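The structure comes first, then the notes.

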Amino acid sequence: MMHDYDRFAALFTDDGVWRIPEAGIELRGRAAIRANVERMQGAWECFVQTTHPGPIALTGDTASGRAYVHEFGRLRDGRSHTNYAVYHDRYRRVGAGWRFAERVYEITYLDSTPLAGTGRRLNPPGVDGRGLDWHDTEPISSVNQMVQ
């Protein structure tokens, strides 16, 4: 969501793999992961992902785990998606710490009903020193009314 593609790619080992079988996507290595996450994020007008950690089984310098995901957003072509998914992860400890050796994204629920709300995209990190500026400056009316 922060559009920090280098940081995203750095979460993977040099030979890391990111798979999204339902979309026919298999990316190998940080360069491919970085390029494709930027391309995929560019297709979204608005995108929100929340990830919730699940169990992790540790075995020396390797581990496996799951993370539960809820995503929603509207693509630039007008289509909308709301989905729940599970990441099936394999981790490896490297010199810089723990990294993803493999992430496999499994969609468990998908709804393409058009989203009725309004959304915004966050600017990339560093725009205001914290990555918290909005691309546009007009408040969302319902949020603005709630804070007043």
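Arg28 is exposed, at 52% relative accessibility (buried means under 20% relative accessible area, exposed over 50%, partly exposed in between; 1.4 Å probe, protein chains only). This is a predicted model: local features need pLDDT of at least 70, side-chain atom pairs count only at pLDDT 80 or more, and totals for chains, interfaces and linings use all residues. Residues are numbered from 1 along each chain as its sequence is written, and side-chain values use heavy atoms, with hydrogens and water left out.

**Salt bridges**
- The structure holds twelve salt bridges (a side-chain nitrogen of Lys or Arg within 4 Å of a carboxyl oxygen of Asp or Glu).
- A network of salt bridges links Arg19, Glu26, Arg28, Arg90 and Glu102.

**Around Glu26**
- Glu26 is partly exposed, at 43% relative accessible area.
- Arg28 meets Glu26 in a salt bridge, N to O 2.9 Å.
- Arg19 also pairs with Glu26, with the closest N and O atoms 3.2 Å apart.
- Arg19 counts as buried, at 19% relative accessibility.

**Across two strands**
- Glu102 and Arg90 form a salt bridge, their closest N and O atoms 2.9 Å apart.
- This pair links distant parts of the chain: Glu102 lies in strand β6 (residues 97–111) and Arg90 in strand β5 (residues 80–94), twelve residues apart.
- Strands (E, at least two residues) are DSSP runs, numbered from the N terminus.
- Glu102 is buried, with a relative accessible area of 15%.
- Arg90 is partly exposed, at 44%.

Methods: Helix = DSSP H or I, 4+ residues; strand = E, 2+ residues; numbered from the N terminus.
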